[in-house]
Amino acid sequence: MSLWNTAHPWLRELVSYEPGKPIEDVARELGLKPEEIIKLASNENPLGPSPKALDAMRAMLERSHFYPDGGGYYLREGIAAKLGLKRENVILGCGSNEVIEFIGKAFLNPGDEIVCARHAFVVYKLMATLFGATTVEVPDPGFAHDLDAMAAAITPRTREVFIANPNNPTGTLLSQTEIDRFMDKVPEHVVVVFDEAYYEFLENPPDTLKFVREGRNVVVLRTFSKIQGLANLRIGYGLAKPDLIDVLQKTRQPFNANGIAQAGALAGLADDDHQRKTRELTIIGRDHMQREFAALGLEFVPSFANFILVRVGDGKAVFQALLRKGIIVRDMTSYALPEWIRVSIGTAAQNARFLDELRQLPDLAIAASAR
Ligand SMILES: *Cc1c(COP(=O)(O)O)cnc(C)c1O
């Protein structure tokens, strides 16, 4: 008898998350040295972690034989203080991805619905599928979330609406006005999740924490994986009103956020200088890349985050060709965007090497001349 007969039937439909290709895999498969490879595939910080975070983590390594603080006292205090909230408004996750899972565990039953945009971050749908819920994907003309259409897609079975702002993989941003108008329409039975993984890259970020303060059913997600450069540590957080956090706390394992991650995150949080440098590097690199794409005649989605979605013709072929040159980007077939790749902003040298190799690809001429 197949185990699939006894496992949850909806698990058959669950496709695994396709991550950016690790440098180690590319080195092994192509016989390259890891140092020769650049990875612009997972929106990581090209400057690495904050030096202050590294020091704090080294110190905590010595205490690896102790279980971590399962309550995450100091990190939750630190996050709350920085944002003008209370510790009771904060839950830690093994990446903010885990908080998406908590929200699913807490609220989704088989047959329920979640609402998200057609090209939203795929993890929302993966998590909904894991709990037997249905994902209602709302068209996103021009790759921007259509919040009026998303509000109209809410039914009595809708439990959660996911809004990534800026969105990944499109890099588009919603304004405060659009968000406020949406929140005026959302019924009480729905939890609205604002996924703000790239919040710290914004020059004029919209305010969604006001909904937390007002006691709305809102969870704001943030992470240490992006501007903080701690993706390997798996640490992120959710912000919500205390009784919503209490519900989510019930769904997690006692030591879901490890102590080395907590120590690194807390020290990184205070390193404004490292975040500022990262933001500046990103904005300059992003402007440069977008100008070069325009010069090449390539369509791209103007980005508010640390990556750009660009139309190259045959995305898989371009991904493979760049890979052979030791440059890892993200192929977008899993987002049903076969003509596009997503490239993260690297250092100036990494961006230049990517652009040089891109210009030399024969496939590219096809994308540019077809328009
Ligand atoms: C990168 C990213 C995350 C963060 O994931 P972690 O689990 O915190 O590493 C969450 N949401 C979006 C939209 C992202 O792009």
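At what angle do helix 2 and helix 10 pack, and how far apart are their axes? In this predicted model, helix 2 (residues 51-61) and helix 10 (residues 259-269) pack at about 150°, with their axes 7 Å apart. Axes here are lines fitted to C-alpha atoms, for helices over the stretch in contact, and angles run from 0 to 180 degrees between N-to-C directions. The two helices are therefore roughly antiparallel to each other; angles under 35 degrees count as roughly parallel, over 145 as roughly antiparallel, 65 to 115 as roughly perpendicular and the rest as oblique. Helices (H or I, at least four residues) and strands (E, at least two) are DSSP runs, numbered from the N terminus.

Residues are numbered from 1 along each chain as its sequence is written, and side-chain values use heavy atoms, with hydrogens and water left out. As the model is predicted, local features need pLDDT of at least 70 and side-chain atom pairs count only at pLDDT 80 or more, while totals for chains, interfaces and linings use all residues.

Helix 2 passes helix 10 in a right-handed crossing (left-handed if the near helix is turned anticlockwise from the far one by less than a right angle, right-handed if clockwise). On the side of helix 2, the contact (heavy atoms within 4.5 Å) is made by Lys52, Ala53, Ala56, Met57, Met60 and Leu61; helix 10 contributes Gly259, Ile260, Ala263, Gly264, Ala267 and Gly268. Eight of these residues are nonpolar, three polar and one charged, where Ala, Val, Leu, Ile, Met, Phe, Trp, Tyr, Cys and Pro count as nonpolar, Asp, Glu, Lys and Arg as charged, and the others, Gly among them, as polar.

Another helix pair is formed by helix 4 (residues 96-107) and helix 5 (residues 123-130), which pack at about 40° with their axes 9 Å apart. This crossing, too, is right-handed. Asn97, Ile100 and Glu101 of helix 4 meet Val123, Tyr124 and Met127 of helix 5, giving four nonpolar residues, one polar and one charged.

Turning to the sheets, seven strands form an open sheet of mixed pairing in the order 2-8-7-6-5-3-4 (two strands pair if DSSP finds at least two bridges between them). Strand 2 (90-93) and strand 4 (134-138) stand at the edges with a single partner strand each, so one side of each has no neighbour in the sheet. From one strand to the next, the twist averages 20°. Strand 3 (residues 113-117) runs parallel to strand 4 and is joined to it by five bridges, with Cys116 opposite Glu137. Helix 7 (residues 176-185) packs on this sheet, touching strand 5 (158-164), strand 6 (191-195) and strand 7 (218-223), and its direction makes about 165° with that of strand 6.

An open sheet of four strands, with antiparallel pairing, has the order 9-10-13-12. Its edge strands are strand 9 (300-301) and strand 12 (330-331). Strand 10 (residues 307-311) pairs with strand 13 (residues 340-344) over five bridges, and Arg311 stands opposite Trp340. Helix 11 (residues 272-295) lies across strands 9, 10 and 13, at about 5° to strand 10, whereas helix 12 (residues 315-324) lies across strands 12 and 13, at about 40° to strand 13.

At the level of the chain, the domain assignment (bounds from an automatic or database assignment) gives domain 1 (3-36 + 273-369) and domain 2 (51-271). Their C-alpha centres lie 24 Å apart, and the contact takes 28 residues from domain 1 and 33 residues from domain 2.
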